[in-house]
Amino acid sequence: MGLAVVVGAGIGGLAAAVGLRRRGWDVVVLERAPQFAPVGAGLTLMANGLAALDAIGVGASVRATVRPLEAMTFRSRGGRVLVRAAMPADAPSCGVHRATLHRLLTDALPDDVVRLGAEVTGVVGGSSPEVTYCSADGSTTTLPANLLVGADGVRSLVRSVLWPEARGPVAVGSTAWRGVTRGPTPLRDAEVSWGPGTEVGLVPLEDGRVYWYVSVTDDRIGSSRQGGAHADASALVDGWYAGVVDAVPGTDPVAVLRTELVHLRPGPAPWARGAVALLGDAAHAMPPYLGQGANQALEDAAVLAAVVAPDDDVPTALAEYDRRRRPRATRVARAAVRAGRTGQMVRSAAAVALRDRAIALAPAGMLTRAMGGVVRWHAPVMPETR
Ligand SMILES: Cc1cc2nc3c(=O)[nH]c(=O)nc-3n(C[C@H](O)[C@H](O)[C@H](O)COP(=O)(O)OP(=O)(O)OC[C@H]3O[C@@H](n4cnc5c(N)ncnc54)[C@H](O)[C@@H]3O)c2cc1C
(Lines give C-alpha, C1' and ligand atoms only; values in the text may rest on other atoms or scores of the structure.)
Protein backbone atom coordinates (compact mmCIF):
# COMPACT_ATOMS: atom_id res chain seq x y z
CA MET A 1 0.00 0.00 0.00
CA GLY A 2 1.29 3.52 -0.78
CA LEU A 3 2.02 6.16 1.82
CA ALA A 4 0.88 9.72 1.13
CA VAL A 5 2.43 12.36 3.38
CA VAL A 6 0.53 15.63 3.56
CA VAL A 7 2.35 18.66 5.00
CA GLY A 8 -0.13 20.95 6.75
CA ALA A 9 -3.46 20.26 8.44
CA GLY A 10 -5.31 23.31 7.17
CA ILE A 11 -8.59 22.86 5.34
CA GLY A 12 -6.74 21.87 2.16
CA GLY A 13 -4.44 19.32 3.78
CA LEU A 14 -7.21 17.70 5.83
CA ALA A 15 -9.52 17.47 2.82
CA ALA A 16 -6.71 15.93 0.76
CA ALA A 17 -6.09 13.39 3.53
CA VAL A 18 -9.77 12.42 3.62
CA GLY A 19 -9.95 12.05 -0.17
CA LEU A 20 -6.67 10.14 -0.50
CA ARG A 21 -7.63 7.67 2.23
CA ARG A 22 -10.83 7.04 0.36
CA ARG A 23 -8.71 6.07 -2.68
CA GLY A 24 -6.79 3.50 -0.64
CA TRP A 25 -3.75 5.52 0.43
CA ASP A 26 -2.22 5.26 3.87
CA VAL A 27 -1.99 8.88 4.91
CA VAL A 28 0.06 10.83 7.43
CA VAL A 29 -0.60 14.55 7.93
CA LEU A 30 2.22 16.54 9.54
CA GLU A 31 1.11 19.74 11.27
CA ARG A 32 3.46 22.01 13.17
CA ALA A 33 0.77 23.51 15.42
CA PRO A 34 0.65 21.63 18.74
CA GLN A 35 -3.16 21.66 18.67
CA PHE A 36 -6.06 22.88 16.61
CA ALA A 37 -7.01 26.30 17.99
CA PRO A 38 -10.71 26.65 18.78
CA VAL A 39 -10.56 30.42 18.17
CA GLY A 40 -10.37 31.81 14.70
CA ALA A 41 -12.77 33.07 12.16
CA GLY A 42 -15.50 31.86 9.92
CA LEU A 43 -15.51 31.49 6.20
CA THR A 44 -18.00 31.29 3.40
CA LEU A 45 -18.30 27.84 1.97
CA MET A 46 -19.75 28.03 -1.52
CA ALA A 47 -21.39 25.61 -3.92
CA ASN A 48 -18.05 24.52 -5.40
CA GLY A 49 -16.53 23.84 -1.97
CA LEU A 50 -19.63 21.88 -0.96
CA ALA A 51 -19.43 19.85 -4.19
CA ALA A 52 -15.79 19.06 -3.43
CA LEU A 53 -16.72 17.96 0.10
CA ASP A 54 -19.41 15.71 -1.43
CA ALA A 55 -16.78 14.17 -3.70
CA ILE A 56 -14.45 13.27 -0.82
CA GLY A 57 -17.36 11.85 1.18
CA VAL A 58 -17.93 14.45 3.91
CA GLY A 59 -20.55 16.61 2.19
CA ALA A 60 -23.42 14.97 4.09
CA SER A 61 -21.97 15.70 7.54
CA VAL A 62 -21.12 19.28 6.55
CA ARG A 63 -24.57 19.88 5.05
CA ALA A 64 -26.19 18.46 8.20
CA THR A 65 -24.29 21.02 10.28
CA VAL A 66 -24.43 24.24 8.28
CA ARG A 67 -27.40 26.39 7.29
CA PRO A 68 -27.55 27.68 3.72
CA LEU A 69 -27.53 31.47 3.46
CA GLU A 70 -30.88 32.83 2.30
CA ALA A 71 -29.46 35.84 0.50
CA MET A 72 -26.61 38.26 0.14
CA THR A 73 -27.61 41.75 1.20
CA PHE A 74 -25.56 44.70 -0.02
CA ARG A 75 -25.86 47.73 2.26
CA SER A 76 -24.56 51.25 2.30
CA ARG A 77 -22.17 52.11 5.12
CA GLY A 78 -25.13 53.70 6.91
CA GLY A 79 -27.16 50.48 6.64
CA ARG A 80 -29.57 51.23 3.76
CA VAL A 81 -30.33 48.05 1.81
CA LEU A 82 -29.01 48.56 -1.71
CA VAL A 83 -30.09 45.16 -2.98
CA ARG A 84 -30.97 41.76 -1.51
CA ALA A 85 -29.89 38.99 -3.84
CA ALA A 86 -31.47 35.62 -3.01
CA MET A 87 -29.04 32.69 -3.15
CA PRO A 88 -29.83 30.36 -6.06
CA ALA A 89 -31.21 27.05 -4.70
CA ASP A 90 -28.88 25.08 -6.99
CA ALA A 91 -25.76 26.97 -5.86
CA PRO A 92 -25.98 27.25 -2.08
CA SER A 93 -23.48 29.05 0.14
CA CYS A 94 -23.14 28.95 3.90
CA GLY A 95 -21.13 30.48 6.68
CA VAL A 96 -19.15 28.02 8.78
CA HIS A 97 -16.74 28.45 11.66
CA ARG A 98 -13.29 27.23 10.62
CA ALA A 99 -13.07 25.12 13.78
CA THR A 100 -16.32 23.36 12.80
CA LEU A 101 -15.03 22.55 9.33
CA HIS A 102 -11.75 21.31 10.82
CA ARG A 103 -13.65 19.08 13.21
CA LEU A 104 -15.86 17.64 10.47
CA LEU A 105 -12.78 16.85 8.37
CA THR A 106 -10.76 15.35 11.26
CA ASP A 107 -13.82 13.30 12.32
CA ALA A 108 -13.53 11.61 8.92
CA LEU A 109 -9.94 10.52 9.67
CA PRO A 110 -8.67 7.85 12.09
CA ASP A 111 -6.94 9.35 15.14
CA ASP A 112 -3.42 8.37 14.09
CA VAL A 113 -3.46 10.17 10.72
CA VAL A 114 -2.75 13.74 11.91
CA ARG A 115 0.51 14.25 13.81
CA LEU A 116 0.32 17.56 15.66
CA GLY A 117 3.45 19.39 16.80
CA ALA A 118 5.30 17.91 13.79
CA GLU A 119 7.20 20.68 12.02
CA VAL A 120 8.54 19.75 8.61
CA THR A 121 12.09 21.04 8.33
CA GLY A 122 13.28 19.40 5.12
CA VAL A 123 11.93 17.74 1.99
CA VAL A 124 13.51 15.78 -0.85
CA GLY A 125 11.59 15.75 -4.14
CA GLY A 126 11.61 13.48 -7.19
CA SER A 127 9.69 10.27 -7.70
CA SER A 128 10.61 8.92 -4.23
CA PRO A 129 10.19 11.94 -1.95
CA GLU A 130 11.18 12.17 1.70
CA VAL A 131 10.06 14.46 4.50
CA THR A 132 12.00 15.29 7.65
CA TYR A 133 10.09 16.61 10.62
CA CYS A 134 10.80 17.63 14.16
CA SER A 135 8.39 16.49 16.89
CA ALA A 136 7.42 18.36 20.05
CA ASP A 137 9.89 16.24 22.09
CA GLY A 138 12.75 17.50 19.89
CA SER A 139 13.24 14.22 18.00
CA THR A 140 13.72 14.25 14.23
CA THR A 141 12.14 11.72 11.87
CA THR A 142 12.57 11.15 8.15
CA LEU A 143 9.65 9.60 6.33
CA PRO A 144 9.87 8.20 2.78
CA ALA A 145 6.62 8.73 0.86
CA ASN A 146 5.07 7.49 -2.37
CA LEU A 147 3.20 10.78 -2.67
CA LEU A 148 4.02 14.09 -0.97
CA VAL A 149 1.43 16.88 -0.82
CA GLY A 150 2.56 20.39 0.11
CA ALA A 151 -0.53 21.86 1.77
CA ASP A 152 1.53 24.07 4.04
CA GLY A 153 0.01 27.42 3.23
CA VAL A 154 1.11 30.60 1.54
CA ARG A 155 4.62 30.48 3.05
CA SER A 156 5.04 26.84 2.04
CA LEU A 157 8.36 25.21 2.89
CA VAL A 158 7.64 22.47 0.33
CA ARG A 159 7.26 25.12 -2.40
CA SER A 160 10.32 27.09 -1.37
CA VAL A 161 12.57 23.99 -1.32
CA LEU A 162 11.26 22.12 -4.37
CA TRP A 163 10.16 25.12 -6.47
CA PRO A 164 13.15 27.39 -5.67
CA GLU A 165 12.45 29.63 -8.66
CA ALA A 166 8.87 30.37 -7.58
CA ARG A 167 8.24 33.88 -6.29
CA GLY A 168 7.17 34.14 -2.67
CA PRO A 169 4.07 35.87 -1.33
CA VAL A 170 3.46 39.52 -2.18
CA ALA A 171 1.44 42.04 -0.17
CA VAL A 172 -2.09 42.71 -1.35
CA GLY A 173 -1.88 46.21 0.18
CA SER A 174 -4.68 45.59 2.67
CA THR A 175 -5.13 44.28 6.18
CA ALA A 176 -8.10 42.26 7.43
CA TRP A 177 -9.53 41.98 10.91
CA ARG A 178 -11.81 39.06 11.69
CA GLY A 179 -13.87 37.88 14.60
CA VAL A 180 -16.82 35.76 15.68
CA THR A 181 -19.44 37.05 18.04
CA ARG A 182 -22.87 36.31 19.38
CA GLY A 183 -24.74 39.26 17.88
CA PRO A 184 -27.72 40.84 19.59
CA THR A 185 -30.00 40.01 16.63
CA PRO A 186 -29.96 36.81 14.62
CA LEU A 187 -28.68 37.30 11.08
CA ARG A 188 -30.17 35.39 8.14
CA ASP A 189 -28.28 36.86 5.21
CA ALA A 190 -24.65 37.53 4.59
CA GLU A 191 -24.17 41.29 4.45
CA VAL A 192 -21.53 43.36 2.66
CA SER A 193 -20.93 47.10 2.81
CA TRP A 194 -18.18 49.38 1.60
CA GLY A 195 -16.58 52.64 2.62
CA PRO A 196 -13.54 54.30 1.06
CA GLY A 197 -10.82 51.64 0.88
CA THR A 198 -12.86 49.46 3.24
CA GLU A 199 -15.08 46.38 3.00
CA VAL A 200 -17.07 45.05 5.91
CA GLY A 201 -18.87 41.71 5.92
CA LEU A 202 -21.18 39.89 8.32
CA VAL A 203 -21.89 36.18 7.85
CA PRO A 204 -24.26 34.06 9.98
CA LEU A 205 -22.67 30.84 11.24
CA GLU A 206 -24.09 27.38 11.83
CA ASP A 207 -24.67 27.99 15.57
CA GLY A 208 -26.28 31.44 15.39
CA ARG A 209 -23.05 33.34 15.93
CA VAL A 210 -21.88 35.97 13.45
CA TYR A 211 -18.54 35.98 11.65
CA TRP A 212 -17.41 39.47 10.65
CA TYR A 213 -14.48 40.84 8.70
CA VAL A 214 -13.18 44.34 8.11
CA SER A 215 -10.72 44.68 5.24
CA VAL A 216 -8.94 48.00 4.75
CA THR A 217 -6.32 49.33 2.32
CA ASP A 218 -3.09 49.95 4.20
CA ASP A 219 -3.03 53.69 3.37
CA ARG A 220 -6.33 54.17 5.23
CA ILE A 221 -5.40 52.39 8.42
CA GLY A 222 -3.23 55.25 9.72
CA SER A 223 -2.95 55.63 13.46
CA SER A 224 -5.44 52.85 14.20
CA ARG A 225 -2.47 50.49 13.71
CA GLN A 226 -1.32 51.47 17.17
CA GLY A 227 -4.13 49.84 19.19
CA GLY A 228 -4.69 46.13 19.71
CA ALA A 229 -6.57 44.23 16.98
CA HIS A 230 -9.93 44.71 18.69
CA ALA A 231 -9.45 48.45 19.26
CA ASP A 232 -8.24 48.95 15.68
CA ALA A 233 -11.16 47.10 14.14
CA SER A 234 -13.66 48.93 16.35
CA ALA A 235 -12.18 52.30 15.36
CA LEU A 236 -12.32 51.40 11.69
CA VAL A 237 -16.09 50.71 11.76
CA ASP A 238 -16.93 53.87 13.69
CA GLY A 239 -19.93 55.41 11.91
CA TRP A 240 -20.99 52.14 10.29
CA TYR A 241 -24.58 50.80 10.63
CA ALA A 242 -25.81 49.25 13.87
CA GLY A 243 -25.35 45.60 12.86
CA VAL A 244 -21.63 46.19 12.25
CA VAL A 245 -21.14 48.37 15.30
CA ASP A 246 -22.86 45.73 17.44
CA ALA A 247 -20.73 42.93 16.02
CA VAL A 248 -17.20 44.35 15.93
CA PRO A 249 -16.77 46.21 19.23
CA GLY A 250 -19.03 43.59 20.84
CA THR A 251 -16.54 40.78 20.14
CA ASP A 252 -14.34 39.29 22.86
CA PRO A 253 -11.05 41.17 22.27
CA VAL A 254 -8.91 38.02 22.53
CA ALA A 255 -10.83 36.49 19.63
CA VAL A 256 -10.07 39.23 17.09
CA LEU A 257 -7.54 38.29 14.41
CA ARG A 258 -5.54 40.69 12.32
CA THR A 259 -3.96 39.53 9.04
CA GLU A 260 -1.84 41.46 6.59
CA LEU A 261 -3.08 40.07 3.31
CA VAL A 262 -0.63 38.41 0.96
CA HIS A 263 -1.11 36.36 -2.17
CA LEU A 264 0.94 34.48 -4.77
CA ARG A 265 1.21 35.81 -8.30
CA PRO A 266 0.33 32.96 -10.66
CA GLY A 267 3.51 31.61 -12.27
CA PRO A 268 4.15 29.27 -15.20
CA ALA A 269 5.42 26.27 -13.22
CA PRO A 270 3.23 23.17 -12.89
CA TRP A 271 2.03 22.41 -9.37
CA ALA A 272 3.44 18.89 -9.54
CA ARG A 273 7.03 17.68 -9.77
CA GLY A 274 7.75 13.96 -9.64
CA ALA A 275 5.62 12.56 -6.82
CA VAL A 276 5.13 15.95 -5.13
CA ALA A 277 2.10 18.21 -5.54
CA LEU A 278 1.24 21.64 -4.15
CA LEU A 279 -2.30 22.25 -2.97
CA GLY A 280 -4.37 25.09 -1.54
CA ASP A 281 -2.66 28.33 -0.52
CA ALA A 282 0.75 26.72 -1.08
CA ALA A 283 -0.13 26.64 -4.79
CA HIS A 284 -2.46 29.60 -5.30
CA ALA A 285 -3.00 31.85 -2.26
CA MET A 286 -5.38 34.55 -3.43
CA PRO A 287 -6.86 37.72 -1.95
CA PRO A 288 -10.09 36.96 -0.04
CA TYR A 289 -12.35 39.23 -2.10
CA LEU A 290 -14.34 36.37 -3.63
CA GLY A 291 -14.21 34.15 -0.52
CA GLN A 292 -12.65 31.40 -2.64
CA GLY A 293 -9.25 30.45 -1.14
CA ALA A 294 -10.50 27.56 0.96
CA ASN A 295 -13.12 26.60 -1.61
CA GLN A 296 -10.37 26.25 -4.22
CA ALA A 297 -8.28 24.22 -1.78
CA LEU A 298 -11.26 21.86 -1.41
CA GLU A 299 -11.53 21.59 -5.21
CA ASP A 300 -7.80 20.76 -5.33
CA ALA A 301 -8.27 18.03 -2.73
CA ALA A 302 -11.18 16.43 -4.57
CA VAL A 303 -9.37 16.43 -7.92
CA LEU A 304 -6.12 15.14 -6.40
CA ALA A 305 -7.93 12.25 -4.78
CA ALA A 306 -9.84 11.49 -7.98
CA VAL A 307 -6.72 11.28 -10.15
CA VAL A 308 -4.20 9.40 -8.00
CA ALA A 309 -4.56 5.93 -6.50
CA PRO A 310 -1.68 4.02 -4.86
CA ASP A 311 -1.25 1.70 -7.86
CA ASP A 312 -1.00 4.54 -10.36
CA ASP A 313 2.14 6.00 -11.80
CA VAL A 314 2.16 8.94 -9.38
CA PRO A 315 4.08 11.52 -11.48
CA THR A 316 1.74 10.90 -14.44
CA ALA A 317 -1.34 11.20 -12.22
CA LEU A 318 -0.03 14.41 -10.67
CA ALA A 319 0.55 15.91 -14.12
CA GLU A 320 -3.18 15.33 -14.69
CA TYR A 321 -3.93 17.03 -11.34
CA ASP A 322 -1.96 20.06 -12.49
CA ARG A 323 -3.70 20.06 -15.88
CA ARG A 324 -7.13 20.00 -14.27
CA ARG A 325 -6.50 22.43 -11.43
CA ARG A 326 -4.01 25.12 -12.44
CA PRO A 327 -6.03 26.89 -15.17
CA ARG A 328 -9.22 26.95 -13.09
CA ALA A 329 -7.66 28.10 -9.79
CA THR A 330 -5.54 30.66 -11.64
CA ARG A 331 -8.68 32.12 -13.26
CA VAL A 332 -10.37 32.35 -9.87
CA ALA A 333 -7.27 33.96 -8.29
CA ARG A 334 -7.17 36.58 -11.06
CA ALA A 335 -10.90 37.25 -10.62
CA ALA A 336 -10.28 37.73 -6.87
CA VAL A 337 -7.63 40.37 -7.60
CA ARG A 338 -10.08 42.17 -9.94
CA ALA A 339 -12.88 41.96 -7.36
CA GLY A 340 -10.61 43.75 -4.88
CA ARG A 341 -9.92 46.55 -7.35
CA THR A 342 -13.61 47.24 -7.96
CA GLY A 343 -14.61 46.56 -4.34
CA GLN A 344 -12.61 47.20 -1.22
CA MET A 345 -9.78 49.07 -2.95
CA VAL A 346 -11.96 51.88 -4.30
CA ARG A 347 -10.67 54.74 -2.18
CA SER A 348 -12.64 57.89 -3.01
CA ALA A 349 -15.88 58.58 -1.15
CA ALA A 350 -17.49 59.83 -4.37
CA ALA A 351 -16.63 56.61 -6.23
CA VAL A 352 -17.96 54.50 -3.35
CA ALA A 353 -21.26 56.47 -3.40
CA LEU A 354 -21.50 56.03 -7.17
CA ARG A 355 -20.93 52.30 -6.87
CA ASP A 356 -23.54 52.03 -4.11
CA ARG A 357 -26.00 53.73 -6.46
CA ALA A 358 -25.12 51.36 -9.31
CA ILE A 359 -25.57 48.31 -7.05
CA ALA A 360 -28.96 49.63 -5.90
CA LEU A 361 -30.05 49.84 -9.54
CA ALA A 362 -28.69 46.42 -10.55
CA PRO A 363 -31.19 43.56 -10.84
CA ALA A 364 -30.68 41.28 -7.80
CA GLY A 365 -30.20 38.19 -9.99
CA MET A 366 -27.35 39.83 -11.85
CA LEU A 367 -25.19 39.93 -8.72
CA THR A 368 -25.57 36.25 -7.89
CA ARG A 369 -25.22 35.31 -11.58
CA ALA A 370 -21.89 37.15 -11.60
CA MET A 371 -20.61 34.63 -9.02
CA GLY A 372 -22.09 31.71 -10.97
CA GLY A 373 -19.01 31.21 -13.15
CA VAL A 374 -16.90 30.83 -10.03
CA VAL A 375 -19.08 28.66 -7.81
CA ARG A 376 -20.73 26.37 -10.36
CA TRP A 377 -18.19 23.60 -10.66
CA HIS A 378 -18.52 19.94 -11.55
CA ALA A 379 -16.77 17.85 -8.94
CA PRO A 380 -14.90 14.82 -10.26
CA VAL A 381 -16.45 11.40 -9.92
CA MET A 382 -14.48 9.64 -7.21
CA PRO A 383 -13.49 6.07 -8.03
CA GLU A 384 -14.46 4.01 -4.94
CA THR A 385 -11.37 2.10 -3.77
CA ARG A 386 -11.71 1.97 0.04
C1 LIG B 1 -9.30 37.61 5.78
C2 LIG B 1 -9.48 36.29 5.06
C3 LIG B 1 -10.77 35.85 4.78
C4 LIG B 1 -10.94 34.65 4.07
N5 LIG B 1 -12.21 34.25 3.78
C6 LIG B 1 -12.38 33.12 3.05
C7 LIG B 1 -13.71 32.66 2.73
O8 LIG B 1 -14.72 33.24 3.13
N9 LIG B 1 -13.84 31.54 1.97
C10 LIG B 1 -12.74 30.88 1.50
O11 LIG B 1 -12.91 29.89 0.78
N12 LIG B 1 -11.48 31.27 1.80
C13 LIG B 1 -11.29 32.36 2.56
N14 LIG B 1 -10.02 32.76 2.89
C15 LIG B 1 -8.87 31.98 2.37
C16 LIG B 1 -8.64 30.75 3.19
O17 LIG B 1 -8.49 31.09 4.55
C18 LIG B 1 -7.39 30.02 2.71
O19 LIG B 1 -7.35 29.98 1.32
C20 LIG B 1 -7.37 28.60 3.23
O21 LIG B 1 -7.49 28.58 4.63
C22 LIG B 1 -6.10 27.90 2.79
O23 LIG B 1 -6.07 26.61 3.36
P24 LIG B 1 -4.75 25.74 3.23
O25 LIG B 1 -5.08 24.45 3.90
O26 LIG B 1 -4.28 25.71 1.84
O27 LIG B 1 -3.63 26.55 4.04
P28 LIG B 1 -3.55 26.96 5.57
O29 LIG B 1 -4.88 27.16 6.16
O30 LIG B 1 -2.58 28.10 5.63
O31 LIG B 1 -2.91 25.69 6.27
C32 LIG B 1 -1.54 25.39 6.18
C33 LIG B 1 -1.17 24.55 7.38
O34 LIG B 1 0.17 24.11 7.22
C35 LIG B 1 0.81 24.19 8.46
N36 LIG B 1 2.26 24.30 8.19
C37 LIG B 1 2.90 25.31 7.57
N38 LIG B 1 4.21 25.04 7.48
C39 LIG B 1 4.40 23.84 8.08
C40 LIG B 1 5.54 23.04 8.30
N41 LIG B 1 6.77 23.42 7.91
N42 LIG B 1 5.39 21.86 8.92
C43 LIG B 1 4.16 21.44 9.33
N44 LIG B 1 3.04 22.17 9.15
C45 LIG B 1 3.15 23.36 8.52
C46 LIG B 1 0.23 25.44 9.10
O47 LIG B 1 0.41 25.44 10.51
C48 LIG B 1 -1.22 25.31 8.69
O49 LIG B 1 -1.99 24.60 9.62
C50 LIG B 1 -9.81 33.92 3.63
C51 LIG B 1 -8.53 34.35 3.96
C52 LIG B 1 -8.36 35.53 4.68
C53 LIG B 1 -6.97 35.98 5.01
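Predicted model: local features only at pLDDT ≥ 70, side-chain atom pairs only at ≥ 80, totals over all residues.
Let's start with helix 2, residues 47–56. Nine of its ten residues are buried, so the rest of the structure largely encloses this helix. Buried means under 20% relative accessible area; exposed means over 50%, and partly exposed lies in between, using a 1.4 Å probe and protein chains only. Among the buried residues of helix 2 are Leu50, Leu53 and Ile56.

Residues are numbered from 1 along each chain as its sequence is written, and side-chain values use heavy atoms, with hydrogens and water left out. Helices (H or I, at least four residues) and strands (E, at least two) are DSSP runs, numbered from the N terminus.

Six strands make an open sheet, ordered 7-2-1-11-18-17, with mixed pairing. Strand 7 (114–116) and strand 17 (272–273) are at the edges with a single partner strand each, so one side of each has no neighbour in the sheet. Two strands pair if DSSP finds at least two bridges between them. Strand 1 (residues 3–7) and strand 11 (residues 147–150) have four bridges and run parallel. There, Ala4 has Leu147 as its bridge partner.

What packs on this sheet? Helix 11, residues 314–342, touches strand 11, strand 17 and strand 18 (276–278). Contact means heavy atoms within 4.5 Å. Helix 11 also packs against helix 10 (residues 293–307), at an angle of about 160° and with axes 9 Å apart. Axes are lines fitted to C-alpha atoms, for helices over the stretch in contact; angles run from 0 to 180 degrees between N-to-C directions. Helix 10 and helix 11 are therefore roughly antiparallel, a label for angles over 145 degrees. Contact residues include Leu304 of helix 10 and Tyr321 of helix 11.

Strand 4 (residues 71–75) and strand 13 (residues 190–195) pair in the parallel sense over four bridges. Thr73 sits opposite Glu191 in strand 13.

On to strand 9, residues 130–134. Which of its side chains are buried? Val131 and Tyr133 are, and they point to one face. Strand 9 runs antiparallel to strand 8 (residues 119–124), joined by five bridges. Val123 stands opposite Val131. Strand 9 also runs antiparallel to strand 10 (residues 140–144), again over five bridges. Here the partner of Val131 is Leu143. Gly126 is in the turn between strand 8 and strand 9, and Gly138 in the turn between strand 9 and strand 10.

Last stop, Pro38. This residue is in the loop between strand 2 (26–31) and strand 3 (42–45). Why does Pro38 count as exposed? Because its relative accessibility is 64%. Beyond neighbours within four places in sequence, Pro38 contacts His97 and Ala99.

Technical notes. Parallel < 35°, antiparallel > 145°, perpendicular 65-115°, else oblique.
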